[in-house]
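The following note sets out numbered points for a colleague who has the coordinates to hand. Each point takes up one part of the fold and may be checked against the model.

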Amino acid sequence: MAVKFPSPEWTEAFKNAVNANTGYATAGKTWTHGKVAYVLKADARIGTTEDMAMVLDLHEGKCRGAQYVPATEAATSEFVIVAEYPRWKEVLSGEVDPTKAMMQNKLKLERGHLPTIVKFVVASKELVKSATAIDTDFPPVG
């Protein structure tokens, strides 16, 4: 059964998919740089009335925890990446490479060290691969 995106259930499924991905375990093995928050801008078309975030506690190739919280609670994460729903849909469905999207300013790094993100290009791709493994119900928009 498809899991609605965005939601706490999808965020939990993402954590589980990351932990099941041996490619991420290898590519992210040296990640010790803290939590990563994926902030989704408010969009009434998908039922979000405030900016929301999926915060992943990534450490040494594993996701130790994941939360779906208001973006204000995610602002202290070591890395904060922000985008509108259509952009997240493109990235998390595997249509758009996350690093290229960041370089093209389709995903905005609001907090964190860009060279660190670039160093983990393979790990970022494996995170997307994890997301694409989830049977996701992406709400349609205009």
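1. Lys15 is buried, with a relative accessible area of 17%, where buried means under 20% relative accessible area, exposed over 50%, and partly exposed in between (1.4 Å probe, protein chains only). The residue belongs to helix H1 (residues 8-20); helices (H or I, at least four residues) and strands (E, at least two) are DSSP runs, numbered from the N terminus. Not counting residues up to four places away in sequence, Lys15 touches Cys63, Gly65 and Ala66; contact means heavy atoms within 4.5 Å.

2. On the basis of the model: this is a predicted model, in which local features need pLDDT of at least 70 and side-chain atom pairs count only at pLDDT 80 or more, while totals for chains, interfaces and linings use all residues. Residues are numbered from 1 along each chain as its sequence is written, and side-chain values use heavy atoms, with hydrogens and water left out.

3. The sheet is open and consists of 5 strands in the order S4-S3-S2-S5-S6, with mixed pairing; two strands pair if DSSP finds at least two bridges between them. Strand S4 (62-70) and strand S6 (108-111) are the edge strands, each pairing on one side only. Direction ignored, neighbouring strands of this sheet are turned by 25 degrees against each other on average; the axes are lines fitted to C-alpha atoms, for helices over the stretch in contact, and angles run from 0 to 180 degrees between N-to-C directions.

4. Strand S2 (residues 36-40) is mostly covered, since 5 of its 5 residues are buried. Val36, Tyr38 and Leu40 point one way from S2, whereas Ala37 and Val39 point the other way. In a regular strand the side chains alternate between the two faces of the sheet.

5. What are the pairing senses of S2 with S3 and of S2 with S5? S2 pairs with strand S3 (residues 52-59) in the antiparallel sense over 5 bridges, and Tyr38 has Met54 as its bridge partner in S3. With strand S5 (residues 79-83), S2 pairs in the parallel sense over 5 bridges; here Val36 stands opposite Phe79.

6. S5 and S6 pair in the antiparallel sense over 3 bridges, and Val82 stands opposite Lys108 in S6.

7. Helix H4 (residues 85-92) has Tyr85, Trp88, Val91 and Leu92 buried. They cover an arc of only 125 degrees around the axis, which puts them on the same side of H4; the arc is that of the directions from the helix axis to the C-beta atoms. H4 lies across S2, S3 and S5, running at about 110 degrees to S5. The packing partners of its buried residues are H1, S2, S3, S5, helix H5 (98-103) and helix H7 (121-132). Gly94, which follows H4, has a positive phi near 85 degrees.

8. Tyr85, in H4, is buried with a relative accessible area of 0%. Leaving aside neighbours within four places in sequence, its contacts are Phe5, Leu40, Asp43, Ile46, Phe138, Pro139 and Val141. Tyr85 and Phe138 are 53 residues apart in sequence and 9.5 Å apart in space, C-alpha to C-alpha.

9. The largest nonpolar core has 39 residues, of which Phe5, Trp10, Phe14, Tyr38, Leu58, Trp88 and Leu92 touch the most other members. Such a core is a set of buried Ala, Val, Leu, Ile, Met, Phe, Trp, Tyr and Cys residues joined through side-chain atoms within 4.5 Å. A second, separate core of 9 residues includes Ala53, Val55, Val69 and Val80. Not counting residues up to four places away in sequence, Leu92 touches Phe5, Trp10, Met54, Val128, Ala131, Thr132 and Phe138.

10. Is Thr136 buried or exposed? Thr136, which is found in strand S7 (residues 136-137), is buried, with a relative accessible area of 17%. The side chains of Thr136 and Trp10 are joined by a polar contact of 2.8 Å, that is, a pair of N or O atoms within 3.5 Å; within protein, one must be able to donate a hydrogen and the other to accept it, and residues adjacent in sequence count only if both atoms are side-chain atoms. Leaving aside neighbours within four places in sequence, Thr136 is in contact with Ala2, Val3, Phe5, Trp10 and Ala131.
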